Amino acid sequence: MHEKIKQVITEVGKIVVGQEYMVNRLLVGLFTNGHVLLEGVPGLAKTLTVNTLSKVLQSDFQRIQFTPDLLPADLIGTMIYNQRDGQFEVKKGPIFSNLILADEINRSPAKVQAALLEAMQERQVTIGETTFKLDKPFLVLATQNPVDQEGTYPLPEAQVDRFMLKIYISYPSKEDEMEVMRRMSNISFNTQINQILTKQDIFAIRDAVNQVSISESLEKYIIELIFATRFPKDFGLNELSEYIQFGASPRASINLNRAAKAIAFLEGRNYVLPEDIKEVAYDVLNHRILLNYEAEADGISSKYIVESILKKIEINK
């Protein structure tokens, strides 16, 4: 399976230059059944990367462009009247797919966001009086633009919590951008992407990730990290307590455990190291720590909070 994963990364690399970090985290979400939220300024290949990844997988893909006039029915479907039969029948929406790209999710109103996030959590959709189970695998990869706030509806913290990881995408290096410019300035650039992973492969990899072992001391370490976001004073982090309004939810400990196992698996190991937890801690926690106005006034970010906690909390054998 590791050979196939390398092939996936190679195929994506045919189109997407750099952004290895984003590709790695998308695979973590795919292999742990966790949704991923991508945030970055326009033009950083967020949509392109997800689109390319979908072509490597032998699964159904739907891209949904979220707009202020989008309705829940446009997402999940609705009941329509069939005049020939004289009966109402279900018209399924684009949510009935394996891989969903929710482009600019913060551009749609609360009702649409709620409909999507309910499907993410329950893995099912109700249309009329009928409930439909969504196909497996079902993965939502959402993007949002942090710059243009006009006409946007920021996701509430309780809903953002449904995402396993929130990834901040940064600008490419000079070398990577040079390669991007050279490729994309060629108008006839067109690369064939090969399908590598089947649905059965994804399920097999998920089973393998599930078999990755994690010691009890590292399980306790995860719990300590999460509790430090809620009760920083108990861990000698008095200076953080004035900035944190709410700490991470129990979903954080579950997802940090899963993500660390996926990182270990992608590194070719069947056991978790402390470095695996530290590597993915920020992606799991950054959107789950709610800061107050004092933090904003003092320029304190969630990244600073997570880094401070990682430096302070030690692993007890």
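1. F189 sits in the loop that runs between helix 7 (174-184) and helix 8 (199-210), where helices (H or I, at least four residues) and strands (E, at least two) are DSSP runs, numbered from the N terminus. With a relative accessibility of 27%, F189 counts as partly exposed; buried means under 20% relative accessible area, exposed over 50%, and partly exposed in between, with a 1.4 Å probe and protein chains only. Not counting residues up to four places away in sequence, F189 touches K14, I15, R183 and M184, a contact being heavy atoms within 4.5 Å. The C-alpha atoms of F189 and P154, which are 35 residues apart along the chain, are separated by 36 Å.

2. On provenance, this is a predicted model, in which local features need pLDDT of at least 70 and side-chain atom pairs count only at pLDDT 80 or more, while totals for chains, interfaces and linings use all residues. Residues are numbered from 1 along each chain as its sequence is written, and side-chain values use heavy atoms, with hydrogens and water left out.

3. Helix 1 (residues 2-15) packs with helix 3 (residues 46-56) at an angle of about 135°, their axes being 9 Å apart; axes are lines fitted to C-alpha atoms, for helices over the stretch in contact, and angles run from 0 to 180 degrees between N-to-C directions. That angle makes helix 1 oblique to helix 3, since angles under 35 degrees count as roughly parallel, over 145 as roughly antiparallel, 65 to 115 as roughly perpendicular and the rest as oblique. V8, E11, V12 and I15 of helix 1 and L48, T52, L53 and V56 of helix 3 make the contact. By class, the contact of helix 1 with helix 3 has six nonpolar residues, one polar and one charged; here Ala, Val, Leu, Ile, Met, Phe, Trp, Tyr, Cys and Pro count as nonpolar, Asp, Glu, Lys and Arg as charged, and the others, Gly among them, as polar.

4. Which residues does V8 contact, leaving aside its neighbours within four places in sequence? They are L27, L53, V56, I196 and L197. V8 is placed in helix 1 and, at 1% relative accessibility, counts as buried. Between V8 and L27, 19 residues apart in sequence, the C-alpha to C-alpha distance is 9.5 Å.

5. M22 belongs to helix 2 (residues 20-32), and its relative accessibility of 0% means that M22 counts as buried. Residues up to four places away in sequence again not counted, M22 touches L38, L44, A45, K46, T49 and I169. M22 and L117 are 95 residues apart along the chain, and their C-alpha atoms are separated by 22 Å.

6. Helix 8 and helix 11 pack at an angle of about 105°, with their axes 9 Å apart, which makes helix 8 roughly perpendicular to helix 11. From helix 8 the contact takes I205, A208, V209 and N210, and from helix 11 it takes R258, K261, A262 and F265. These residues of the contact of helix 8 with helix 11 divide into five nonpolar, one polar and two charged.

7. The largest nonpolar core has 69 residues, of which L165, L256 and I277 touch the most other members; a nonpolar core is a set of buried Ala, Val, Leu, Ile, Met, Phe, Trp, Tyr and Cys residues joined through side-chain atoms within 4.5 Å. Helix 11 (residues 250-266) gives the most to this core, with eight residues. Apart from this core lies another, of 27 residues, among them F66, I105, I127 and F138. Beyond its neighbours within four places in sequence, L256 is in contact with I222, L225, I226, I277, V280, A281 and V284.

8. Some backbone details deserve a look. The peptide bond from K136 to P137 is cis, with omega near -5°, and P137 is placed in the loop between strand 7 (130-133) and strand 8 (139-144). E104, although not a glycine, has a positive phi of about 50°; E104 is found in the loop between strand 5 (99-103) and helix 5 (110-122) and, at 23% relative accessibility, counts as partly exposed. R123 has a phi near 55°, a positive value in a residue other than glycine, and is found in the loop between helix 5 and strand 6 (124-127). At 21% relative accessibility, R123 counts as partly exposed.
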